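Subject: A structure to look through

Dear colleague,

I am handing over a structure that I would like you to look through before we next talk.

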Amino acid sequence: MMTETSAKERTYRIGNTELPARPLGPGLYLVATPIGNLGDITLRALETLAGADVLACEDTRVTRVLLDRYGIRNRPFAYHEHNADEAGARLLSFLEQGKTVALVSDAGTPLVSDPGYRLGQLAIEAGYRVIPIPGASAPLAALVGAGLPNDAFMFAGFLPTKDKARRDRLAELKDVPATLIFFESPHRIDDTLAAAADLLGGDRAAAVCRELTKTFEEFRRGTLADLAVAYEDATVKGEIVLVIGPPGEKVADEIDVDALLLSLVNDMPASKAAQEAAKQTGLARHDLYERLMALKG
């Protein structure tokens, strides 16, 4: 059942302090929520969740955990792929009435690999305001923790589940000059790594990022070949983001970093040499700069 929240209920709590949510302008608010650690919610997101006339979510039970943590009494309404036509029409009718509608996914940023994309598209086509409330994002968390180049990257969502379709998709992406980011199931990560090693090259650098922001967060880095062996027939649990470096990207310890730095500094200032080395190795620019200073000293 879809219900509106009364004005007196529009509060949220931080610690023992209850705060009123300021009024929101009409429109569809796309609110990013934590991907694991509930402390990763933003203050703006809390105020939006508490102050919206209608709150739509994938799974009311999942969203209720977040709302209870922060004392938000807004009653979530289910909007997911199985009821998208009916529920989406009702949400659009609220927008037509000048109401504020907040949309969240179970975790992360709405419209990224979830059915909310269609609602956002319909709202834009109908001329309603669509307001993103940024926050946690699994692809970006994986990217910054993987230690791979991030000056250019491509989020490619889920790979196909069938082997031939998966391989065809990887072949299409083989020469994309960017770091690739995928969501993957723990039950398929072994097959995906084997296919990626075969199609993209076993010496290509990659990272398996599991249970991001949660208690058992893990980053496993190496070549695609090494990771494929490590995960072959392994029992894996939790949500996974697979990050694969761009073509020609090697694992940092396979590169003679000192030789690379000394070669680069012959043609450019030390700061630029460190920056370029960071792109090629995935190592931190600051650390590379300090290493270069030690070599020159």
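In which sense do β9 and β12 pair, and over how many bridges? They pair in the antiparallel sense, over five bridges, where pairing requires that DSSP finds at least two bridges between two strands; one of these links E184 to its partner I240 in β12.

Please keep in mind that this is a predicted model, in which local features need pLDDT of at least 70 and side-chain atom pairs count only at pLDDT 80 or more, while totals for chains, interfaces and linings use all residues. Residues are numbered from 1 along each chain as its sequence is written, and side-chain values use heavy atoms, with hydrogens and water left out. The average pLDDT (the predictor's confidence in each residue, from 0 to 100) is 91 for the protein, and 93% of the residues score at least 70.

Strand β9 (residues 179–184) is largely enclosed by the rest of the structure, because six of its six residues are buried, meaning under 20% relative accessible area with a 1.4 Å probe and protein chains only. T179, I181 and F183 cover one side, while L180, F182 and E184 lie on the other.

Strand β8 (residues 153–158) pairs with β9 in the parallel sense over four bridges, and M154 has L180 of β9 as its bridge partner. Between β8 and β9 the chain passes through helix α6 (residues 163–173), in a right-handed β-α-β crossover, which is to say that the path from the first strand over the helix to the second runs clockwise when the strands point away from the viewer.

Best wishes

Definitions and conventions: Buried < 20%, exposed > 50% of the residue type's maximum accessible area, 1.4 Å probe, protein only. Helix = DSSP H or I, 4+ residues; strand = E, 2+ residues; numbered from the N terminus.
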